[in-house]
Amino acid sequence: MIERSSRGRQLAAAIGGALAVGAWLTGGALVAQGALHQPFEDLVARYLKEVRGIGGRAPDDMSAAAFERDLATRRQVLGDLEAIDRKALSFDQDLDYRFLDGILRSSIAEAEQVRHWQQDPRLYLNISQLNYRLEADPRAPVARAADMIADLRLLQARIANGRKNLVRHVPRWNELTLPMIDGIEQILAEQVPAFASRAPGERAALLAENRKALEALGGFRAFVSNELPRTPQGEWRIGETLFNQLQRTRYFFPEDDFNLRRIARGMPGFTRVPNYHDWGWRQFNIVERALRVQARKIDPTRTWLQIVRDMKQDHPSAEALVFAHHEATRKTREWVIEKDLVTIPWDDDDAIMVAAAPNQSMTQWWGFGPGVPAGSASRKAAWSVIPPNPDWPEQVVDENLTEKDYSFMWAIATHEVYPGHHLQRLYQNQNPRPLRVHETSYYSNQAWCYYIEWELTPTMGFYPADKQELYTLEMLRLKLWRMGRVIIDSGLHTGRMGYDEALQLENERIGFVRRGAQINIDGITERGSMWGAPTVGYFEWMLLREDYFKKMRELDQKGTLKDFHDRVYKIGFIPIPLVREALFHELEQQYRPRAATAG
Amino acid sequence: MHSTGTPGRTRTVCAALLAAAAAVALSSGLVHVQTTNPQFDALIDKYLLEVRGVGARSTPNDLSAGRFASELETQKRLLKELEAIDRRSLSFDEDIDYRFLKSLLEGNIIQDERVPRWKQNPRVYLNTRPISYRLESDPRDPAVRAQEITEELKLLQARLVNGKKNLTEHIPRWVELSLAMLDGTLAIVDREIPQFARRVGGGARQALETEARKASAALTDFRTFLTTEMPRKPQGDWKVGADVFNALHEKKYLFDDDDFNLRRIARGTPNFTRVPNYHDWGWRQFRVVERALEVQARKIDPTRSWLQIIRDMKQEHAPLEGLVYSHLEATRKSREWTIEQDLVTIPWDDDDDIMVAAPPSFAMAQWWGFAGTVPAGSKSRKSGWTMILPSPDWSDEMIDANLTEKDFSFMWVIATHEAYPGHHLQRLYQNENPRRLRVYESSYSNQSWCYYIEWDLTPPRNFYPADKQELYTLEMLRLKLWRMGRVIIDSGLHTGRMGYDEALQLENERIGFVRRGAQINIDGITERGSMWGAPTVGYFEWMLLREDYFKKMRELDQKGTLKDFHDRVYKIGFLPVTLVREALFHELERDFRPRASTAG
């Protein structure tokens with residue numbers, strides 16, 4: 001099904017590629033539906049509708065009552081979930097049961113203990129839907145314009161609620177909110193009116209709502225600048241207890257799995273703070289040593305950091321930044337096919353590079369992975385780079401460009417696009433289990449992309465041949481960065497590290513420019529435990545790959561890398577212990593169907 | 001014959017045809033099953049059943065003192081029965097097996113009578129390989145495996161009880177190593193078996209869990225015995241002594257004590273295969289290889305010594321989390337390379353070798369790991385080359401040191417030795433050998449053949465990455481030096497010409513192993529006198545045989561080829577090289593001059 005000749009491709013399309021692809025995706029390894037326990041399916045549907053808002057629910061206006069209602073709904077769904085007799089569930093339902101249980105317990109704990117909605121103004125400024133409709137939605141402009149009007153109304157309602165809800169302030173978060181407001185104002189002032197002319201029937205209503213939204217934004221700016229700083233200072237640390245709870249309930253990290261300890265060089269209890277923090281340092285030191293070894297191969301007279309900094313002077317010009325990445329993006333797909341790494345069973349899929357919307361200029365230093373919306377029929381995605389803001393000083397623009405250099409681009413492209421986040425989402429949208437279409441485990445999803453970035457890409461001919469050693473050095477630096485995330489995430493949120501120390505680590509030992517490091521760390525302050533967890537997940541995936549081959553041998557089969565990958569993409573990126581169970585169950589079913597079920 | 005991409009039904013048909021073709025290819029040519037003396041074949045069956053436990057054994061070996069005694073008596077009786085057979089009544093292949101079986105029995109009897117390790121070594125009682133195989137690799141239904149693991153656990157308990165009675169001599173280092181093995185065994189019994197038990201239902205699960213609990217208690221009790229009672233026993237001596245050493249060289253390995261051609265190719269003094277000359281010959285070869293290392297190092301960097309180059313190079317290794325998979329890739333590549341270089345026929349398409357992590361009981365059994373493990377006589381052709389991974393409980397320094405010895409250079413240099421065409425392929429051929437004795441027994445020559453692969457076949461045939469050719473050739477020479485060192489250490493330690501610390505210094509300072517790795521290497525040598533040096537002699541025997549094969553082919557007016565030589569050796573099997581030589585030349589005579597006399 002991959003990369004056929006043009007005639008073959010036309011023929012396949014004519015036969016009905018969608019049907020064939022659907023059968024391939026749902027056949028074989030993936031999730032036999034079998035006898036489903038209907039009350040559980042109904043509960044999942046209820047969760048998706050009432051909590052996630054899929055398939056009809058009043059839009060979330062982010063009022064205090066809405067937050068309380070959401071928490072109450074989650075508690076109620078969890079109670080109903082607990083009332084289900086697990087023995088009545090099919091194998092796949094039982095996996096989903098535990099996945100949903102983890103999602104609910106973790107989100108309830110967070111909602112109860114970390115009330116960011118009372119201290120982070122940016123929560124009320126999410127316009128990703130509006131941006132999608134403006135720039136990427138494949139529907140007719142008239143339909144999009146109608147939805148945008150609703151988006152703008154919702155934005156106003158949220159801003160109004162934000163002013164009521166925000167009762168504490170975190171100075172740095174306020175600081176980051178203002179450029180976000182600038183960016184949104186720019187979108188509303190320039191892009192929405194330009195779009196309105198493409199939908200004449202909705203133009204007047206859209207412009208009217210847009211004016212109101214602009215006005216609300218102006219009011220919110222004044223609130224954030226003048227009133228919020230007078231509220232008591234907030235606290236963003238989530239603390240050790242919640243941190244460890246999330247390690248257990250959200251990521252399903254075992255506390256003392258010997259095989260995981262072995263592969264990750266983990267001390268007993270390394271997935272829980274405080275040991276987790278120490279383990280981060282241990283891994284950090286290991287990768288630092290690997291960087292020194294790699295640097296000696298390139299130039300024994302310079303340190304690895306000097307080599308990296310010199311290398312990063314070689315970057316695309318600002319005007320070519322998007323297209324250079326666009327080419328790398330397309331190349332990732334070709335490379336996956338050429339190396340036969342994962343099945344790509346479509347021929348209407350694509351990913352491009354685009355410049356991020358202006359409201360995102362301070363949310364990340366670099367950009368975001370591509371994302372076809374969950375459940376979308378489209379297979380076209382855009383990886384977003386945040387271009388330097390023309391209003392930044394020259395020095396900041398130059399520094400920013402050094403971190404969007406060729407080495408970073410080549411080292412990260414496969415992580416972000418194929419076979420990384422974009423391909424993950426394409427598979428996710430075809431998953432026959434509704435929960436897995438709309439929910440993914442961030443840590444498992446991201447950890448898989450670390451596996452792609454650190455393990456598959458450097459050794460399989462993706463980098464230009466004459467840059468192999470240099471870009472391997474950059475890859476190791478990116479690995480160091482993620483080991484550093486374990487240290488910083490656990491350190492900041494449990495009080496073992498201060499903001500400035502974290503900044504120093506990212507700047508002086510990992511090699512980010514100061515402003516980039518700062519934005520990285522800001523992200524970590526917002527979501528305790530989220531940024532370090534994928535690093536553990538990487539080791540879980542590495543162990544699972546080892547064990548897949550061992551299992552295949554036990555079943556008297558020859559395992560292949562592609563078969564392992566295909567099975568994982570089809571199962572979906574749920575917490576890795578659940579993927580492990582699903583994978584081994586399927587292998588047993590396929591190759592030893594009469595034996596017991598567990599693998 | 002090697003493609004694996006045939007789809008669907010065609011593939012099934014092809015597989016059936018291939019299997020048939022493979023069976024014909026394997027049994028044609030060399031080994032002829034002409035049973036001319038049923039009494040001899042019955043004796044082999046008896047040996048396999050009563051000594052090796054192949055087939056329906058009445059009672060499993062509980063390692064009691066009585067059992068050791070009766071086993072020795074059985075072997076003596078079988079040797080007498082063997083000697084009573086009129087060799088003139090045997091076919092050619094039977095006569096080869098006659099001498100092979102005689103070498104096995106005589107070697108075992110010498111060892112059992114003179115080196116009773118079962119009184120000294122607690123590790124004898126802790127063999128859990130069959131349990132680990134059934135847990136992790138056995139392709140049969142889990143229910144069948146669970147039942148057998150339950151029996152194995154009962155046997156383990158009986159053995160531990162007997163170990164406490166039998167162990168009367170104390171060797172401190174062996175107790176130390178036993179405790180590490182015991183910890184690993186406990187981890188298997190306490191953690192892995194209960195996990196496996198969940199894969200089977202009902203009574204079988206309960207029986208397995210119950211037996212695991214009892215085995216765990218027995219292991220804990222054995223630990224107490226080792227730490228409290230063993231140290232009070234008289235100190236044991238692990239040296240086998242010069243007489244046993246030489247007797248094994250003569251009877252077990254069938255080393256000629258004065259073959260001029262072997263002396264010529266091995267630069268051997270008269271009687272170099274017997275101590276004390278053997279030890280001096282080890283040093284002579286050691287220096288020869290050291291000089292080759294110096295020459296090779298100058299090609300790479302004239303400013304650094306070969307040891308410095310090696311130590312720098314070994315800093316580049318896979319991260320621990322990628323260690324197993326990087327070796328799995330090298331393993332798979334060794335098969336492709338064997339086919340591409342047309343070195344030996346691989347007549348199957350369902351064969352495979354992967355890399356796996358060793359069970360925790362092996363943590364101190366080796367520093368590196370060991371070759372694949374398709375069991376003798378198994379129908380499966382899937383094997384796992386096994387790597388002992390650093391324990392997470394080791395210090396960082398020790399883990400780092402261990403990883404430097406699992407670096408890329410070692411991996412590339414050793415992969416063909418361990419996988420294809422080395423130990424894994426040897427075992428696949430062995431399992432197809434029509435002579436039963438050769439399915440279940442092989443000799444030092446097996447390892448020697450892998451030295452030949454590692455030192456002679458691999459370096460010049462593009463297996464190493466092109467840009468690493470010179471560096472990895474340097475590592476290959478170091479591994480050759482290591483095996484020359486084994487001759488020195490094995491003969492030196494066991495005949496009193498070298499102490500443990502001297503051996504350690506040699507492996508650490510002159511061969512370049514990290515200290516702990518060297519220590520574990522040397523521990524292995526103390527346990528098995530004569531075993532570790534013998535394959536080095538065997539390497540020279542194989543090199544001479546290859547020379548002589550081409551000479552013989554010319555005499556027969558034929559063009560010899562490397563692949564033909566290899567194919568014939570794999571089919572004959574890895575008996576003592578002297579016997580392979582006879583078999584090979586007999587076959588060549590028969591194939592190309594069938595009317596002449598049988599002798600080669």
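**Note on salt bridges in the predicted model**

1. Six residues, Lys551(A), Glu554(A), Glu588(A), Arg592(A), Arg145(B) and Arg199(B), are joined in a network of salt bridges. A salt bridge here is a side-chain nitrogen of Lys or Arg within 4 Å of a carboxyl oxygen of Asp or Glu. Over all chains, the whole structure holds 121 salt bridges.

2. This is a predicted model, in which local features need pLDDT of at least 70 and side-chain atom pairs count only at pLDDT 80 or more, while totals for chains, interfaces and linings use all residues. Residues are numbered from 1 along each chain as its sequence is written, chains are lettered from A and ligands numbered from 1 in the order in which they are written, and side-chain values use heavy atoms, leaving out hydrogens and water.

3. Asp93(B) and Arg438(B) form a salt bridge, N to O 4.0 Å. Asp93(B) sits in helix H4 (residues 92–114) of chain B and Arg438(B) in helix H17 (residues 436–440) of chain B, so the pair ties together parts 345 residues apart in sequence. Helices are DSSP runs (H or I, at least four residues), numbered from the N terminus. Asp93(B) is buried at 4% relative accessible area, and Arg438(B) is buried at 2%. Buried means under 20% relative accessible area, exposed over 50%, and partly exposed in between (1.4 Å probe, protein chains only).

4. Asp591(B) pairs with Arg568(B) in a salt bridge of 3.0 Å, N to O. Asp591(B) belongs to helix H24 (residues 577–592) of chain B and Arg568(B) to helix H23 (residues 562–572) of chain B, 23 residues apart. Asp591(B) is partly exposed at 33%, whereas Arg568(B) is buried at 9%.

How values were computed
Helix = DSSP H or I, 4+ residues; strand = E, 2+ residues; numbered from the N terminus.
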